[in-house]
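Please read the points below with the structure open beside you, and look up each place as it is mentioned.

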Amino acid sequence: MVSTVEKFFKENNSYSVDASEVTDLHVISYEVEQDLIPLILSNCQYQVQQGGETSQEFDLEKIQRQISGRFLQGKPRLTPKGLPTLVYRHDWNYEHLFMDIKSKMKQNPLPNSVVNAISGQLQSYSDACEALSLIEVTLGFLGTAGGDPSMGLNAYIQDVLQMGDQTTLVLKALSRCQLRHAIALWQFLSAHKSEQLLRLKKEPFREVSVNYKEGLSSQHTRLLNTFLNQAGLDAFLLELHEMIVLKLRRPQPQDSFNPTWSLRDTLVSYMETKESDVLLEVESQFPEEILMSSCITVWEAAAKRKQDRQAR
């Protein structure tokens, strides 16, 4: 609108104001009854036609000039700086979100008993997706407003977020969780969803570059099997899955998560960077020869081994 006025008056005297700094003086404001109607009527002429009928003629050019001069001239252009932007959950930077949450409230790992209970209750892909979506919405609000770490997750979802229309099964599965478990719950449900996809013989990591999907040689397969037979799989699957999702889902520069790097060293470094407890069995037992280029193959092999153990 300001640009249109400039063209109309053939002037370029406007200035810019960031959206975050707008005040009442910058805003175009008017009252229809008090401002516009009197202005319009003052530029209206009445003529009596033959037969006694009255016609109205408006001086539109004059009305336009008066409206522009009174309400629009001198108003600034607005720049979008400072405006909140809508970002789809798929495009969130979860690492920044997690840091925001941790700065506002304490976070704790999920107890093994809770993990086992949720795994037993959310056995379908659709249930895993619904639970993960619910947690992602919760994380978005916690990153902005924080919360009481000891508050029950279901109470927060139903009473604070007013999202009580979730399925009973999902709410029941999350009933033993508190807000202090929000990040750990995302980590678990994200991996659990991928495990369900793998169970359905579908690709969990379609967005990850093929540079990280190379197969393993027979020697590396034997080394990996030895590690998987000796190690606890749950924590390894969670940490490797998180690194894949947060770091490899988008193209990476060559000096960051290079496919030629050791998978063991890269995963250990990732856990250290996010101030997580390093898995000692990974640091001491995982084959150093296996590279980042095979990390998807490694995760899928570990997930299938876990499924085989559960089926026994």
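1. C129 has a relative accessibility of 22%, and it therefore counts as partly exposed, since the buried class takes in only residues under 20%. Please keep in mind throughout that this is a predicted model.

2. C177, by contrast, is buried, because its relative accessible area is 2%. As for bonds between cysteines, the count of disulfides comes to zero by the distance rule that was applied.

3. Helix 3 spans residues 60-72, and its buried residues are I63, S68, F71 and L72. These residues lie on the same side of helix 3, because they cover an arc of only 125° around the axis.

4. The largest pocket holds about 1,100 Å³ of space. It is lined by 32 residues, among which Q187, E239, E242, K274 and S276 are the closest to the centre of the pocket. Sorted by class, the lining of the largest pocket has 14 nonpolar residues, together with nine polar and nine charged ones.

5. Which helix gives the largest share of the lining of the largest pocket? That share, seven residues, comes from helix 11, which runs over residues 233-248. Helix 4 (94-104), helix 5 (112-121), helix 9 (182-199) and helix 12 (263-273) also take part, and each of them supplies at least two residues of the lining.

Terms used. Residues numbered from 1 in each chain as written. Predicted model: local features only at pLDDT ≥ 70, side-chain atom pairs only at ≥ 80, totals over all residues. Heavy atoms only, no water. Buried < 20%, exposed > 50% of the residue type's maximum accessible area, 1.4 Å probe, protein only. Helix = DSSP H or I, 4+ residues; strand = E, 2+ residues; numbered from the N terminus. Arc of directions from axis to C-beta. 1 Å grid on protein atoms, 1.4 Å probe; cavity = no way out; pocket = protein on both sides within 12 Å on 5 of 7 lines; lining within 4 Å. Points joined across faces, edges and corners; volume = space filled by probe spheres on them. Nonpolar A, V, L, I, M, F, W, Y, C, P; charged D, E, K, R; others polar. Disulfide = S-S within 2.5 Å.
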